[in-house]
Amino acid sequence: MIEPKFNPLASYQEYPQKEMLQRSLALRKEMQKRRTVRDFSDRTVPREIIENCLQTAGSAPSGANLQPWYFVVVSDSAVKQRIREEAEKEEHEFYQNRAPQEWLDALAPLGTDEQKPFLQTAPYLIAVFAQSYGVLPDGRKVKNYYVSESVGIATGMLITAVHHAGLVSLTHTPSPMGFLNKILKRPSNERPFLLLVVGYPSEDAMVPEITKKAIGEIASFI
Ligand code: IYR
């Protein structure tokens, strides 16, 4: 058994309550401006910005701190093209055959279809992988805990970081996504979690007219 080692919580900063209120409101306003975007510009984005966003994601809490995530950042045009081809094959199947009418009805307000040009246009595709189990250097398997929860939290933080930096993103989930392991050469202990498309919006980008639930619908205080 490893003995735990503790250090003082040196990074914590307390704010006066008035400032806390302002800070909470400021972030709320900023995050409420975030939109999922499907119309991307091909403008390039410095790699360092993406690295910073990934380090924000990597600071997420995780089950037993095992950090069961891996991010592959794709900017190579040929790889993006292959991903688009494979994703569109799956999406064609989804929209033409696999999706039940109820699901298609739920998607109708978003106006999505099987064409995914943004997978080639956007400067970055970040493939997020969830490590179902870890592998030690000697090949032994290590159990991971709360994998979906952990990777979901890290992905949320990544989306927040991308928005905070001034870029837009799209959470894309072609289903099934197994082709990502093949194209990106990821091992079998990793399953594709989602593909985050990141970049600038195109100048004429449009977004669907949708609303978010009110506070009374998403939370209660007891
Ligand atoms: N993966 C498909 C369908 C899709 C599903 C959900 I749930 C969405 O919120 C949006 C789209 C696609 O990307 O078109």
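Here is a short chat about the ligand site in this predicted model.

User: Hi! What should I know about the model and its numbering?
Analyst: The model is predicted, with local features needing pLDDT of at least 70 and side-chain atom pairs counting only at pLDDT 80 or more, while totals for chains, interfaces and linings use all residues. Residues are numbered from 1 along each chain as its sequence is written, and side-chain values use heavy atoms, with hydrogens and water left out.

User: Thanks! Which residues are around the ligand?
Analyst: R38, E91, F94, Y95, W103, L107, L110, T112, D113, K116, H172 and T173 are around the ligand; that takes a heavy atom within 4 Å of the ligand.

User: How far is the side chain of Y95 from an oxygen atom of the ligand?
Analyst: An N or O atom of the Y95 side chain is 2.4 Å from a ligand oxygen. A polar contact is a pair of N or O atoms within 3.5 Å.

User: And H172?
Analyst: For H172, a side-chain N or O atom is 3.2 Å from an oxygen atom of the ligand.

User: What about E91?
Analyst: A polar side-chain atom of E91 lies 3.1 Å from a ligand nitrogen.

User: Switching topic: which element gives the largest share of the shell around the ligand?
Analyst: That is α3, with three residues. Helices are DSSP runs (H or I, at least four residues), numbered from the N terminus.

Note on methods. Polar contact = N/O pair within 3.5 Å; in protein donor to acceptor, adjacent residues only side chain to side chain. Helix = DSSP H or I, 4+ residues; strand = E, 2+ residues; numbered from the N terminus.
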